[in-house]
Amino acid sequence: MDTFLGHQTTVDFYGCKSDKISSCKFIEATLLQAAKLLNLTVVNTTIHSFSPIGVSGVIVIEESHIAIHTWPEHHYIAIDFFTCNTSYNLESGLKWLKAQFKAERFSTKEIKRGSLKDIQDYKA
């Protein structure tokens, strides 16, 4: 039995191509395609471009969200996948994203959120 409400995977992409990760249109299209490939249901999208460079955004999905922050000057992207289940194949999606961002490598960390045991301990 799954004892956590949420599953968060943080992903760091290194050595990305600056021109790709500076574009709001590219970031939005790429994340929407990644959500589609992972069979995640998109609800809403907000992508913001910073001046002079950098992009941040959130794809709200029925399963929770995908958040992104880019630092083109450092050839770096940080992405968070937060979902209420792990029924999708994130590894294949990450390999696809690596290719789209032209990243040299990526690393991940997984965090379990919302322990049902801890929540139960606080119920009145």
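This is a predicted model: local features need pLDDT of at least 70, side-chain atom pairs count only at pLDDT 80 or more; totals for chains, interfaces and linings use all residues.
Student: How much space lies in the largest pocket?
Tutor: About 230 Å³. The volume is the space filled by probe spheres set on grid points, with points joined across faces, edges and corners. A pocket here is an open set of points on a 1 Å grid over the protein atoms alone, with protein on both sides within 12 Å along at least five of seven lines.

Student: What is the lining like by class?
Tutor: Four nonpolar, six polar and three charged residues. Ala, Val, Leu, Ile, Met, Phe, Trp, Tyr, Cys and Pro count as nonpolar, Asp, Glu, Lys and Arg as charged, and the others, Gly among them, as polar.

Student: Change of topic. What pattern does the chain follow along the sequence?
Tutor: The pattern is β-α-α-β-β-β-β-α-β-α, from four helices and six strands. The C-alpha atoms fill a box of roughly 50 × 25 × 25 Å along the principal axes.

Student: What share of the residues counts as buried?
Tutor: Of the 124 residues, 38%. Buried means under 20% relative accessible area, exposed over 50%, and partly exposed in between, with a 1.4 Å probe and protein chains only.

Student: How many aromatic pairs does the structure hold?
Tutor: Five. Rings of Phe, Tyr and Trp (its six-membered ring) pair if their centres lie within 6.5 Å; planes under 30 degrees apart count as stacked, over 60 as edge-to-face and the rest as tilted. One of the pairs is Phe26 with Phe101, which is edge-to-face at 6.2 Å centre to centre and 70° between the planes.

Student: Where do Phe26 and Phe101 lie?
Tutor: Phe26 lies in helix H2 (residues 24-37) and Phe101 in helix H3, so the pair ties together parts that are 75 residues apart in sequence. Phe26 is buried at 19% relative accessibility, and Phe101 is buried at 0%.

Student: What about Trp71 and Tyr76?
Tutor: Their rings form a tilted pair, 5.4 Å centre to centre and 40° between the planes. Trp71 is partly exposed, with a relative accessible area of 35%, whereas Tyr76 counts as buried at 19%.

Student: Which rings link into a cluster?
Tutor: Phe13, Phe26, Phe101 and Phe106.

Student: And what lies over the face of Tyr14?
Tutor: Arg105, at 4.2 Å from the ring centre. The criterion is NZ of Lys or CZ of Arg within 6 Å of the ring centre and within 35 degrees of the ring normal.

Student: What does the side chain of Thr83 contact?
Tutor: The side chain of Tyr88, through a polar contact of 3.4 Å. A polar contact is a pair of N or O atoms within 3.5 Å; within protein, one must be able to donate a hydrogen and the other to accept it, and residues adjacent in sequence count only if both atoms are side-chain atoms. Thr83 is in strand E5 (residues 76-83) and is buried, with a relative accessible area of 1%.

Student: Now the backbone. Which peptide bond is cis?
Tutor: The one from Ser51 to Pro52, with omega near 10°. Pro52 is in the loop between strand E2 (42-49) and strand E3 (55-61).

Student: What is the phi of Asn39?
Tutor: Positive, about 60°, although Asn39 is not a glycine. Asn39 sits in the loop between H2 and E2 and is exposed at 66% relative accessibility.

Note on methods
Residues are numbered from 1 along each chain as its sequence is written. Side-chain values use heavy atoms; hydrogens and water are left out. On a 1 Å grid over the protein atoms alone, a cavity is a set of points where a 1.4 Å probe fits but cannot get out, and a pocket is an open set with protein on both sides within 12 Å along at least five of seven lines; lining residues have an atom within 4 Å of a point. Helices (H or I, at least four residues) and strands (E, at least two) are DSSP runs, numbered from the N terminus.
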